[in-house]
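Please look through the model below with this short briefing beside it. The notes begin with the protein as a whole and then turn to its parts, grouped by topic.

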Amino acid sequence: MALVARRAAVPSARSSARPAFARAAPRRSIVVRAEAGAVNDDTFKNVVLESSVPVLVDFWAPWCGPCRIIAPVVDEIAGEYKDKLKCVKLNTDESPNVASEYGIRSIPTIMVFKGGKKCETIIGAVPKATIVQTVEKYLN
């Protein structure tokens, strides 16, 4: 049986603050082009309530796992219905006034607005078919 000599880990001044497993190569970020626009407390009225076409609003937050799951679905719908429907996303952490005004208690929440009025609400990460079926009711 052969013995293998191991070198003892000696922390240097540079590495003592972080363990070896934390000094991995930097992550590469993947950039995904979002089809849905962004709104906030300041732009919500103009973009959503005064829109001439129905609007799908995705209430989300960056720390929300189900929000990240449903985000590509909302972007797909935005691309597919770009001439008939406006799709926007509202970060509830950055725009708490609108989220509070519409009683957002759980995210992701999707609301459909038409003519400045809230028509329907979908709560949770639901299949694309559910969102499409809801949106289709409000398209002319």
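In this predicted model, buried residues account for 36% of the 140 residues in the protein. The secondary structure amounts to four helices and five strands, and along the sequence these follow the pattern β-α-β-α-β-α-β-β-α. Among contacts between residues at least 6 apart in sequence, 69% join residues that are at least 24 apart.

**The sheet**

- The five strands form an open sheet in which the order is E1-E3-E2-E4-E5, and the pairing within the sheet is mixed.
- Strand E1 (37-39) and strand E5 (117-123) stand at the edges with a single partner strand each, so one side of each is left without a neighbour in the sheet.
- From one strand to the next, the twist averages 30°.
- E2 and E4 are paired in the antiparallel sense over five bridges, and Asp58 has Ile110 in E4 as its bridge partner.

**Helix H2**

- Helix H2 covers residues 65-80, and because its 16 residues should span 22 Å at 1.5 Å a residue, the distance of 24 Å between its end C-alpha atoms agrees with that expectation.
- H2 has a kink of about 30° at Ala71, which lies shortly before the proline Pro72.
- The helix lies across E2, E3 and E4, and its direction is at about 155° to E3.
- The buried residues of H2 are Cys67, Ile70, Ala71, Val73, Val74, Asp75, Ile77 and Ala78, and the buried residues of this helix pack against strand E2 (55-60), strand E3 (86-91), E4 and H4.

**Helix H4 and Thr134**

- Helix H4 lies across E2, E4 and E5, and it runs at about 165° to E5.
- Thr134 has its place in this helix, which covers residues 128-136.
- Is Thr134 buried or exposed? Its relative accessible area is 6%, and because buried means under 20%, Thr134 counts as buried.
- When its neighbours within four places in sequence are left aside, Thr134 is in contact with Val112, Glu120 and Ile122.

**Cysteines and the disulfide**

- A disulfide is a covalent bond between the sulfur atoms of two cysteines.
- By the rule applied here, the count comes to one disulfide, which is formed by Cys64 and Cys67 with their sulfur atoms 2.5 Å apart.
- The torsion about the S-S bond of Cys64 and Cys67 is about 80°, so this disulfide is right-handed.
- Both partners are buried, since Cys64 has a relative accessible area of 4% and Cys67 has a relative accessibility of 3%.
- Cys87 is also buried, at 7% relative accessibility, whereas Cys119, at 33% relative accessibility, counts as partly exposed.

**A cis peptide bond**

- Which residues does a cis peptide bond join? The bond lies between Ile107 and Pro108, and its omega is about 0°.
- Pro108 is found in the loop that lies between helix H3 (96-101) and strand E4 (109-114).

How values were computed: Residues numbered from 1 in each chain as written. Predicted model: local features only at pLDDT ≥ 70, side-chain atom pairs only at ≥ 80, totals over all residues. Heavy atoms only, no water. Helix = DSSP H or I, 4+ residues; strand = E, 2+ residues; numbered from the N terminus. Buried < 20%, exposed > 50% of the residue type's maximum accessible area, 1.4 Å probe, protein only. Contact = heavy atoms within 4.5 Å. Disulfide = S-S within 2.5 Å. Expected span 1.5 Å × (residues − 1). Bend = angle between axes of the 7 residues up to and from the residue. Pairing = 2+ DSSP bridges. Axes fitted to C-alpha atoms, helices over the stretch in contact; angles between N-to-C directions.
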